[in-house]
Amino acid sequence: MLNYIIRRALYVIPIGLGVTVLVFALVHMSPGDPLSAVVPPDAPEEMVQELRKAYGFDKPLPVQYFTWLGRVLTGDLGVSVARGREVVEELRIAVPNTFILAAGGTLLGFTLGAMLGGVAGYFQGRWIDKLATSVAITGVSVPHYWLGLVLVIIFSVEMNALPSFGMGPGGSTAWAWDAEHMRHLVLPVITLAVIPMGLITRTVRATVAEILNQEFVHALHAKGLLQRQVLAHVVRNAAPTTLAVMGLQLGYLLGGSILVETVFQWPGTGSLLNSAIFERDLPLLQGTILVLAMFFVLLNLIVDVVQSAIDPRMSRR
Amino acid sequence: MTTLDSRQQATVDAAQVAVQSRGYWATVGVRIRDDKVTVACGVVLALIVLSAIFADLIALADPYKASMIKRLAPIGTDGYPLGADEMGRDMLTRLLYGGRLSLFMGISPIVIALAIGGTLGLVAGFLGGRVNMAIMRVMDVFYAFPSVLLAVAISGALGAGIGNAIVSLTLVFIPPITRVTESVTTQVRSLDYVEAARASGAGNLTIIRVHVLSNVLGPVFIYSTSLISVSIILASGLSFLGLGTEPPEPEWGLMLNTLRQSIYVNPWVAALPGAMIFFTSLTFNLLSDGLRSAMDVRL
């Protein structure tokens, strides 16, 4: 198993390099001059050339890539063109905010999904299974940005019970564990939880149903174990798959919360991406995408390692 | 009544077997026909698609015609059955027309990705070895991005526009389709009858065409239909962010975006375009699930 873990960890290196190439290529295939965000259209030619040299945009692309990669490896993501601040600083504020949302959404989705899926798998074919399956398929079909809007309409516009945007009072960008911040968290977290809930319900249902059909479960019953004890075995066997799906969902929510963050004007990485795109702030765009993708790569690694630790059969594949 | 003798019994049995053993597609057809949910979804989906295609015949108003005084008219206003948007344009008309772009932007990336990813996966799975390594490792890099992030990153870099949105979504869906095709092809390739075909002198192309394709297409097709719902949600999501369609085109995601400012004035009109996205994606999902169980595909 150790062998597997080492091999799996080493595989992060080529993937990580591939990600940097892709992120670099993405930003450089964008049309228009990368300086257009800072330079007014009527700027004198010498000034443009000078800036181009200062940002290193005058060198050939491979040279630019390796210079950029060298700086990225030392933790320097450059300076945001539009905001004039270090990209790393911007991310230091935004990433924790997105993480709170993603973690909340995953936890809620996991709790509901595991319960619904477990019940559905156990009572396969009964009405409660059909109900849970319908809830799950609705969950994976909902455009979550629209669900966010509908929740705002119900709880903010009609009932005036919960705040409709922002993270805290007065445009707060730093999370605090107080009642006001918690109230701002409710709607975005419910919105984000819906997709993971649907997916986890489906996974858990399929896994539980499959396990219940296996012979060892009959053997446990035959041995005279109580229903409760048999269930403990089922949970133990369903855990690796479920945890893997949950881990990946956390990654998806971290990287994919841009739509929900836009709906709720949440000051996280999604808002950062949004403004980077529309202000054509290439260093900020590059840095944010890179960091989010790297989180996802590492999370995938952790999921695989944890899974192989719980279930050694995984590492033999 | 006398009992049947054994020869008569055998004839009856054979007749029953003949009745029971339909062809594969006939069985699939019967299974679909018996599945009420799938049939209903097929009908609803056909209605949505047809009403988008024939929007100019059904709709009573001009989707671009604005009216100052009818701005944000509530649902049920005279002449505006589903109200009016922030420019006073008829919502029902724009929802009908909106289906054109939303469906096109959602479905075409899957079709293109199926062609490209299907080919790549078939080649990787059939040839194996280094070719497989090269193709699948490149796909792993794309897998390092959550799909929403990849879609937003590519269309953000390329700039707003329908074409760019379709390119970015195609790139999002090529890796998963390639991966599924590769794994199914690898399984089929090592089956005995493919070995037998090879031993009898069939070339690579013949084997792919006759033996591999027919076994791979079904599962890959089913998998691709299950992606359509995600694709529609993402395509409208890109427009919602301002990265897809541009105003004044009617498109569900973009309509949701522009009406968002009006939720305090007329909340339920603002929610309508999203409801269309939801119903379309839900029916696609249910239909895909129905087809999957009818075709008995396990992925």
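Is B:Asp140 buried or exposed? B:Asp140 is buried, at a relative accessible area of 13%, where buried means under 20% relative accessible area, exposed over 50% and partly exposed in between (1.4 Å probe, protein chains only).

The model is predicted: local features need pLDDT of at least 70, side-chain atom pairs count only at pLDDT 80 or more, and totals for chains, interfaces and linings use all residues. Residues are numbered from 1 along each chain as its sequence is written, chains are lettered from A and ligands numbered from 1 in the order in which they are written, and side-chain values use heavy atoms, with hydrogens and water left out.

**Interface of chain A and chain B**

- Contact, defined as heavy atoms within 4.5 Å, links 46 residues of chain A with 41 residues of chain B.
- The size of an interface is often given as the accessible area lost when the parts come together.
- Here the buried area is about 3,900 Å², and carbon and sulfur atoms give 78% of that area; buried area is the accessible area (1.4 Å probe) that two parts lose on being put together, summed over both.
- Of the area that chain A buries against chain B, 15% is supplied by A:Tyr145, A:Trp146 and A:Leu149, more than any other three residues.
- The interface has 1 salt bridge by the rule used, namely a side-chain nitrogen of Lys or Arg within 4 Å of a carboxyl oxygen of Asp or Glu.
- A:Arg202 and B:Asp289 form a salt bridge through their side chains, at 2.6 Å from N to O.
- On the side of chain A that touches chain B, the elements giving two or more residues include α2 (12-28), α6 (127-141), α7 (144-158) and α13 (282-310) of chain A; helices (H or I, at least four residues) and strands (E, at least two) are DSSP runs, numbered from the N terminus.
- α7(A) gives the largest share of that side, 10 residues.
- By class, the side of chain A that touches chain B holds 32 nonpolar, 11 polar and 3 charged residues; Ala, Val, Leu, Ile, Met, Phe, Trp, Tyr, Cys and Pro count as nonpolar, Asp, Glu, Lys and Arg as charged, and the others, Gly among them, as polar.

**Salt bridges within the chains**

- Over all chains the count comes to 10 salt bridges.
- In chain B, B:Arg137 pairs with B:Asp140 in a salt bridge whose closest N and O atoms are 3.0 Å apart.
- Both B:Arg137 and B:Asp140 lie in helix α6 (residues 129-143) of chain B, 3 residues apart, about one turn of the helix.
- B:Asp140 also meets B:Arg179 in a salt bridge, at 2.8 Å from N to O.
- B:Arg179 lies in helix α8 (residues 162-189) of chain B and B:Asp140 in helix α6 of chain B, so this pair ties together parts that are 39 residues apart in sequence.
- Through shared partners, salt bridges join B:Arg137, B:Asp140 and B:Arg179 into one network.
- B:Arg137 is partly exposed at 35% relative accessibility, and B:Arg179 is partly exposed at 34%.
- In chain A, A:Glu180 and A:Arg183 form a salt bridge with the closest N and O atoms 3.4 Å apart, and both lie in helix α8 (residues 179-212) of chain A.

**Nonpolar cores**

- A nonpolar core is a set of buried Ala, Val, Leu, Ile, Met, Phe, Trp, Tyr and Cys residues joined through side-chain atoms within 4.5 Å.
- The largest one has 134 residues, and A:Tyr145, A:Leu285 and B:Phe173 are among those with the most contacts inside it.
- Helix α10 (residues 204-241) of chain B gives the largest share of this core, 15 residues.
- A second, separate core has 11 residues, including A:Val204 and A:Ala238.

- A:Gln64 is in helix α4 (residues 61-73) of chain A and counts as buried at 10% relative accessibility.
- A:Val135 is in helix α6 of chain A and counts as partly exposed at 31% relative accessibility.
- Not counting residues up to four places away in sequence, A:Val135 touches A:Leu116 and A:Met197.
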